[in-house]
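Let's go through this one together, question by question. Each answer sets a value beside its definition.

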Amino acid sequence: MTKIVAIANQKGGVAKTTTTIAKASLIGTQKTCLVVDLDSQANLTDGLGVREINDEQLTASNLFNPRQDPNSIVVSTRWGIDLIPSDIGLAQKEAELIAEPDSHFILKDQLGKLSQYDYVLLDCPPSLGRLTYSALTAAELILIPVQCQYFSAKGYKQLLNTIQAVQMRSNPSLEILGVLPTMSDTTNISKGALISLSKVEGVTVFAPVPKSVKFTESQLAGIPIDRYIRENHSIKESEELIERLILPYQAVVERLLALEMIIYA
């Protein structure tokens, strides 16, 4: 059974796309995985090395056409991760969806036709608009990346309110997988943000992902961070970087896989 996970936060620059790529790459070593780029900026598409979308290629905006077979939109990447790419047309499509009643259920119905995947990861845009609402309606779990800064931690509470609204109106089975602190450092601001995040009861807070230029380098290269490290560093350097940068993502994936084991036990 396909498990759908939304990676969401209405604030931009919190490493949603970085997190989606890292998780997909790790999941892809054990399970089949599809990632869906729901941001018209198409950073996920670009970050997986899909740098050009030709005129004939269908994209995420077509996914919101109920008559379109979603399988025809999927493209393969050289990392063994399948992708539904995005482009600027998705911004216009979101504006159209607002005027359509019950349009937030379209994505859920379309993803139901992609049951060949073990996991579908939804990289949400930096807003609480119709696309994010659609993703939360379709998802079983939500992972919330939060930058270790004061305003990011404060905005996280607003997202919790949106999650509660979705649970009451369109998806009562939606659960929070956890919060993933990102871009952490040794400053008091970062430490204070971590303390603030830990005060929300009933929500798992994963170990923080530290700030590193390696994430930017991997995105520019169009290579998932774990593979970028292994391909571009010595064995010793790779071991050190993987322990520092990849293990926090690995913990999220292990939690996700453990939940699957519990469900099927």
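Q: Where do E96 and K93 both lie, and how many residues apart are they?
A: Both lie in helix α4 (residues 89-98), 3 residues apart, which is about one turn of the helix. Helices here are DSSP runs of H or I with at least four residues, strands are E runs of at least two, and both are numbered from the N terminus. Before we go on: this is a predicted model, where local features need pLDDT of at least 70, side-chain atom pairs count only at pLDDT 80 or more, and totals for chains, interfaces and linings use all residues. Residues are numbered from 1 along each chain as its sequence is written, and side-chain values use heavy atoms, with hydrogens and water left out.

Q: Why is K93 called buried, and why is E96 called partly exposed?
A: Buried means under 20% relative accessible area, exposed means over 50%, and partly exposed is in between (1.4 Å probe, protein chains only). K93 has 17%, so it is buried. E96 has 35%, so it is partly exposed.

Q: Which salt bridge do E217 and K214 form, and at what distance?
A: Their side chains meet at 3.5 Å, N to O. In helix α9 (residues 213-221) E217 and K214 are 3 residues apart, so about one helical turn separates them. K214, at 18%, is buried, while E217, at 26%, is partly exposed.

Q: How do you know that D226 is buried?
A: D226 has a relative accessible area of 5%, so it counts as buried. The side chain of D226 also meets that of R230 in a salt bridge of 3.8 Å, N to O. D226 and R230 both lie in helix α10 (residues 225-232), 4 residues apart, about one turn of the helix.

Q: What makes E239 exposed?
A: E239 has 52% relative accessibility, so it counts as exposed. Its place is in helix α11 (residues 235-264).

Q: Which residues form a negative surface patch?
A: E237, E239, E240 and E243 form it. Patch residues have over 30% relative accessible area and no salt bridge, and like charges are joined within 9 Å. Asp and Glu count as negative, and the place of a Glu charge is taken as CD.

Q: What is the value of phi in A15 and in A42?
A: Phi of A15 is near 80 degrees, and phi of A42 is near 60 degrees. Most residues other than glycine have a negative phi. A15 lies in the loop between β1 (3-7) and α1 (16-27); at 16%, A15 is buried. A42 sits in the loop between β2 (33-37) and α2 (43-47), and at 13% A42 counts as buried too.

Q: Why does the radius of gyration agree with a compact globule?
A: With 265 residues, a compact globule would have a radius near 18 Å, and the protein has 18 Å, so the two agree. The radius is taken over C-alpha atoms, and the globule rule is 2.2 Å times the number of residues to the power 0.38. Of the 265 residues, 55% count as buried.

Conventions. Patches are made of residues with over 30% relative accessible area and no salt bridge: like charges are joined within 9 Å, nonpolar side chains (Val, Leu, Ile, Met, Phe, Trp, Tyr) within 5 Å. Accessible areas come from the Shrake-Rupley method with a 1.4 Å probe; for residues, only the protein chains shown count as cover. A salt bridge is a side-chain nitrogen of Lys or Arg within 4 Å of a carboxyl oxygen of Asp or Glu.
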